[in-house]
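This report walks through one protein model for a reader who has not seen it before. The sequence and structure come next, and the text follows.

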Amino acid sequence: MERQDVVAPLRELKHVQVREHVRQLVMNAAPGSPAPSERVLVAQFGVARMTVRQALDALVVEGLLERIPGRGTFVAQPRSVAGRITSFTEDMRRRGLLPESQTLTARREQAGTGVARALDISPGDCVIHWRRLRRADLQVMCLEDAYLNEVLLPGFLESGMPTSLYDALAARGLRPTWAEDAVSADHATQEEADHLELRPGDAVMRVARRAVCRDKVVEVSRSVFRADRFTMHVQLGAG
């Protein structure tokens, strides 16, 4: 146990060193320039491949790098100005609907491998798991699981659950400045159907979000929407 306590901080320090080293290399590089390969970075820093991958993942999330399947990792084109990041509460109000939330789970948990990687922490680190059933104009709209890095939010659970997560993050200076959503179509599981007032196998829309405030990942969420009640609006423009 003593050995694990010593090794974990060293691994985190190495991850930061790799990330900042690559950041300095690519900051002024032309878009499309190749980033250092994982193999080179593993040899240079003497760390595990996963540590290097986490460092590069953080830079991909920031928009400094982009991965091109089958080719590698490259300096990304500067991002165009995106629409404002909105929470469920803000989105529903913008649509003229009355948002409501019912907390189903609000507790501390140990981060599994997937959540830890997405939050840029180590597996087993403490996270806040907040599961809510979201309604709009009294109709069930979605089931949402949000995972938050407890280190960034001391006392979050003890202060009472907020109406809007993003308002609570803003009050701590942590409102997301950038987010990436992955959207997919799927069928409701038995548990999801029970919450969403559907039949198992009915169509749902899944939205996985990773939200970042400056260089800190502040939220990872997985939402399951009723496909018959929710339409996602995406703003597009010329590059």
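Arginine 19 counts as buried because its relative accessibility is 10%, where buried means under 20% relative accessible area, exposed over 50% and partly exposed in between (1.4 Å probe, protein chains only). Arginine 19 belongs to helix α1, residues 2-26. Helices here are DSSP runs of H or I with at least four residues, strands are runs of E with at least two, and both are numbered from the N terminus.

The model is a predicted one, in which local features need pLDDT of at least 70 and side-chain atom pairs count only at pLDDT 80 or more, while totals for chains, interfaces and linings use all residues. Residues are numbered from 1 along each chain as its sequence is written, and side-chain values use heavy atoms, with hydrogens and water left out.

The side chains of arginine 19 and glutamate 20 are joined by a polar contact of 2.8 Å. Such a contact is a pair of N or O atoms within 3.5 Å; within protein, one must be able to donate a hydrogen and the other to accept it, and residues adjacent in sequence count only if both atoms are side-chain atoms. When neighbours within four places in sequence are left aside, arginine 19 is in contact (heavy atoms within 4.5 Å) with Ala55, Ala58, Leu59, Asp120 and Asp215.

| Pair | Apart in sequence | C-alpha to C-alpha |
|---|---|---|
| Arginine 19 and aspartate 57 | 38 residues | 9.0 Å |
| Leucine 56 and glutamate 20 | 36 residues | 9.9 Å |

Leucine 56 lies in helix α3. With a relative accessibility of 1%, leucine 56 counts as buried. Apart from neighbours within four places in sequence, leucine 56 is in contact with Val22, Glu38, Leu41, Leu65 and Arg67.

Two packed helices are described by the angle between their axes and the distance between the axes. The axes of helix α2 (residues 38-45) and helix α3 (residues 49-62) come within 9 Å and cross at roughly 115°. Axes are lines fitted to C-alpha atoms, for helices over the stretch in contact, and angles run from 0 to 180 degrees between N-to-C directions. From α2, Glu38, Arg39, Leu41 and Val42 make the contact, and from α3, Arg49, Val52, Arg53 and Leu56. These residues divide into four nonpolar, no polar and four charged.

Over the whole protein there are seven helices and eight strands. Of the 239 residues, 41% are buried. Among contacts with a separation of 6 or more, 58% are between residues 24 or more positions apart.

The structure holds zero disulfides, a disulfide being a pair of cysteine sulfur atoms within 2.5 Å. Cysteine 142 is buried at a relative accessible area of 0%, and cysteine 213 is buried at 1%.

Two loop residues remain. Leucine 138, in the loop between β4 (126-136) and β5 (139-149), has a positive phi of about 70° although it is not a glycine. Its relative accessibility of 66% makes leucine 138 exposed. Glutamate 197 sits in the loop between α7 (190-196) and β7 (203-213). Phi of glutamate 197 is near 60°, a positive value in a residue other than glycine. Glutamate 197 is exposed, with a relative accessible area of 53%.

Note on methods:
Ala, Val, Leu, Ile, Met, Phe, Trp, Tyr, Cys and Pro count as nonpolar, Asp, Glu, Lys and Arg as charged, and the others, Gly among them, as polar.
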